[in-house]
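Hello,

Here is the structure for you to look over. My notes on it follow below.

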Amino acid sequence: GFVGGDAGRYIENRLWDEGVPSEFVHIQEPTRTNINVQNAVGDPPTLLHERGPTVTPEEIDEFQRKFCRQLPRSHFLVIGGTQPPGTPEDYYTTLLNEARDHGVRCILDIDAPNMQRGLAARPYMIKPNHQETERILGRTLTVEELPNAAKEIRDRYSIDLVVVSMGKHGAIGVTGEEVIHACTPDIQPVSTIGCGDSMVAGIVHILNRYGALEEAMRYGSAAGAATALTNGAEIGKRKDIMSLLDRVKTERWE
């Protein structure tokens, strides 16, 4: 990714402290700060998002070189978040195509309009929530309609795995062979910030170990729930994920 200024240094230091390898492009403008206001009764947070820093053509070229060096030794690529200003409109599509050419399975976790463009590159997996699923299909959907909506997206865009997160109703994973519903553990959520990202991380963790979809959906749901127990400035810890794992119930749907 791209980092700049004090916020960028903070991100790098936190990853270093957590033992996470990183290789960022250092840019001229500072990394943006987003503010999420959460009330005490569990309502969806109020989001105050700054405009991201504009990256230069030289910074994009440097990122491209770093990105391509990683592909031969990568199994999965997850693209998430807002596309940086300054990048071409189809930049995510370009990255997806390059990764797929190297046999890397791509996961796309972004919102419209970039999701619409990215779908044309046929990612291996996408993980929209309820509202994002509606935006992809251009119509309002009830919770009961989401499984068929996921199947429709899978068929229309030739995607191997569509995972739709449904909040308190859990999540569904849809492939050409199976539909798995994972029920959300019975918890009292503190904050929903980062839950979707944690779910993606949990799913990819299991898929990277060649686990079955049902196991991946259980682990992803437990990871999302563990993050929901934090104050929104943290992510779920391994001990919390493992303690919630047995409380995630899965079922196969027709």
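A residue counts as buried under 20% relative accessible area, as exposed over 50%, and as partly exposed in between. Arg122 has a relative accessible area of 42%, so it is partly exposed. Please keep in mind that this is a predicted model.

Backbone first. Most residues other than glycine have a negative phi. Arg122 has a positive phi of about 50°. It sits in the loop between helix H4 (114-119) and strand S7 (125-126). Tyr210 also has a positive phi, about 60°. Its place is the loop between helix H7 (195-207) and helix H8 (213-228). Tyr210 is exposed, at 68% relative accessibility.

Next, charges. The whole structure holds 14 salt bridges. One of them joins Arg14 and Glu18, at 3.7 Å from N to O. These two are 4 residues apart in helix H1 (residues 5-18), so about one helical turn separates them. Glu18 also meets Lys237, at 3.9 Å. That pair links distant parts of the chain, 219 residues apart. Glu23 and Lys66 form another salt bridge, at 3.5 Å. Glu23 lies in the loop between H1 and strand S2 (25-26) and Lys66 in helix H2 (residues 57-70), so the pair ties together parts 43 residues apart in sequence. Shared partners join Arg14, Glu18, Glu234 and Lys237 into one network.

Which side chain of opposite charge is nearest to Asp109? It is Lys127, 4.2 Å away. Asp109 is buried and has no salt bridge, since a salt bridge needs nitrogen and oxygen within 4 Å. Asp109 is found in strand S6 (residues 105-109). Its contacts include Ile79, Gly80 and Val200.

Best wishes

Methods. Residues are numbered from 1 along each chain as its sequence is written. This is a predicted model: local features need pLDDT of at least 70, side-chain atom pairs count only at pLDDT 80 or more; totals for chains, interfaces and linings use all residues. Side-chain values use heavy atoms; hydrogens and water are left out. Buried means under 20% relative accessible area, exposed over 50%, partly exposed in between (1.4 Å probe, protein chains only). Lys and Arg count as positive and Asp and Glu as negative; His and the chain ends are not counted. Contact means heavy atoms within 4.5 Å. Lists of a residue's contacts leave out its neighbours within four places in sequence.
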